[in-house]
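This report describes how parts of a structure meet one another. Please keep the sequence and the structure in view while reading.

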Amino acid sequence: MRPGRRLIDALPAWLDSHRDAARRSLGRRLQAPILSLITIAVLGFILALPAYLWVLLDNARALSAHIDHDPRIALYLDHVDEETAGRLEDALDDDERVARWERIDADTALTTYRDSLPDPELLDWLEDNPLPDVIDVVPASTQPDTVAALREDLRALAPEAGLVADDEWVRQLNSLHELGLRILSVVAALLGLGAVLILALATASELRERQEEIAISRISGATHRFLRRPSLYGGVLTGFGGGVFSVILLLAGVALSREPLTEAAAAFDLEFTLRLPHAGDLLGLILAGLILGWLGARLGSGHALRDAP
Amino acid sequence: MIQLQRVTKRFGSASDALSSVSLRVDAGAMAFVTGPSGAGKSTLLRLIAGLERPTRGRIRVNGHELDRLSARAIPRFRRSIGLVFQDHRLLFDRPVFDNVALPLEILAYRRPEMRKRVRAALDKVGLLHKETANPRTLSAGEQQRVGIARAIVHRPVLLLADEPTGNLDPALSQEILALFDDFNRVGMTALIASHDQELIGRMGKPVLHLENGRIEARGGASA
């Protein structure tokens, strides 16, 4: 800003200067379209790969919900008096963590069991029904923590009941998913770092080409910030391009793998269609491109301008 | 405007490019620095423009103590001076107009004002009709005049020129110096380095003669 000017007067000029920087940066990219497109493509691939893996992982989690295997808690009531059993049933009615529950009395259980046998007469030699009454509880959530908490609460209500919970598989599935997400985060972070370094190199070499302009501008009193501005706009433009390209790649990847995955799932008797990512996720991808582009340009220009004469 | 006190500049371990130089150029004055090539004329101008820092001594230009100016304060200082180079240093990736507009862009001038000033500067050096041309298509004399327009477009208080007539024939050189004389008449302080003694003699301005990094002779009163 020229000395003696008020900020409000300087604002339009400042905006002009930004517009010029953006326009010049775009012009420079259009002058060397192949090089710009290669940089955009590299960024697009780097963004699309972890995004695609994320979509698969997210869908795998959704697929697990399709498998008809909700975690269940079974309470065997053979050592439980009726009063406690009644309290337990009332508690189950009121508990929001319970999707549904059912008391299966011993006779029904035996009949069901008998019907499932190829030779039902086999059980006739039994004098008494050895089976206890059972309460079968289906939790509302498959979250391992919620299921475990419910299990412990039920155990506290009827300590003498035999309690069997089969929430183990949920825990295993969840920990696998967690592991997958963590590995993906590391891969994404490393790829992102790589992208920033590549963009920093591209920015630095572009600034080397502008060396004479930078030298003349410096002599005329240009600040670091002024000299860096076109590079930052360039980085953001490249980042935007890379983000959009990665969205296209991702959608193409999902579209291409949809049918084979549906067929593979059908082989396991599962109905499954790969879901498309949400619009918000796609916007996030473009935003990630913008941020990486800006960071790369910032790093590259900071380095190159410090070294410039 | 310019004051040097026992300024020495040494590059690496070589002998001094400038050795204990003291001089003074008053505001509104016009002076010449002369001497054979390698005498230290360019180094002197670069020191005054804040492009180099002195090894020893003090430099005061337009109220700024250059030997202690912080890196952050340098851009602002440089905006108050105009520099003309022997090799013009024009940017061939843009037309004449944009070359001249560069200092105004840095000073964040708005478009209409910028256009007015650039055209006025080009008019002054007689190249208004070339504003859309690429500088590459201009003759050496025209290129030098574009360089001069760029140096004065933001109306600096001090104009420094390093061998501005170095590659030009005598008639063109005379024309260029006449331009500087015009700028000086409207209040711009000017310090011009040149080895062309005959030309300088005709101007009747103060002259500093440099030899081996030292001032060997002074002609005129204010320098």
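**Basis of the description**

Axes are lines fitted to C-alpha atoms, for helices over the stretch in contact, and angles run from 0 to 180 degrees between N-to-C directions. Helices are DSSP runs (H or I, at least four residues), numbered from the N terminus.

The model is predicted: local features need pLDDT of at least 70, side-chain atom pairs count only at pLDDT 80 or more, and totals for chains, interfaces and linings use all residues. Residues are numbered from 1 along each chain as its sequence is written, while chains are lettered from A and ligands numbered from 1 in the order in which they are written.

**Two helices of chain B**

The axes of helix 3 of chain B and helix 5 (residues 140-152) of chain B come within 7 Å and cross at roughly 30°. These two helices of chain B, helix 3 and helix 5, are therefore roughly parallel to each other (angles under 35 degrees).

Residues are in contact if their C-beta atoms, placed from the backbone, lie within 7 Å. Val96(B), Asn99(B), Val100(B), Leu102(B) and Pro103(B) of helix 3 of chain B meet Val146(B), Ala149(B) and Arg150(B) of helix 5 of chain B.

**The contact between the chains**

Chain B gives 17 residues to the contact, and chain A gives 19 residues. On the side of chain B that touches chain A, helix 2 (74-78) and helix 3 (96-106) of chain B are the elements that give two or more residues. Helix 3 of chain B supplies the largest share of that side, four residues.

Definitions and conventions: Contact = placed C-beta atoms within 7 Å. Parallel < 35°, antiparallel > 145°, perpendicular 65-115°, else oblique.
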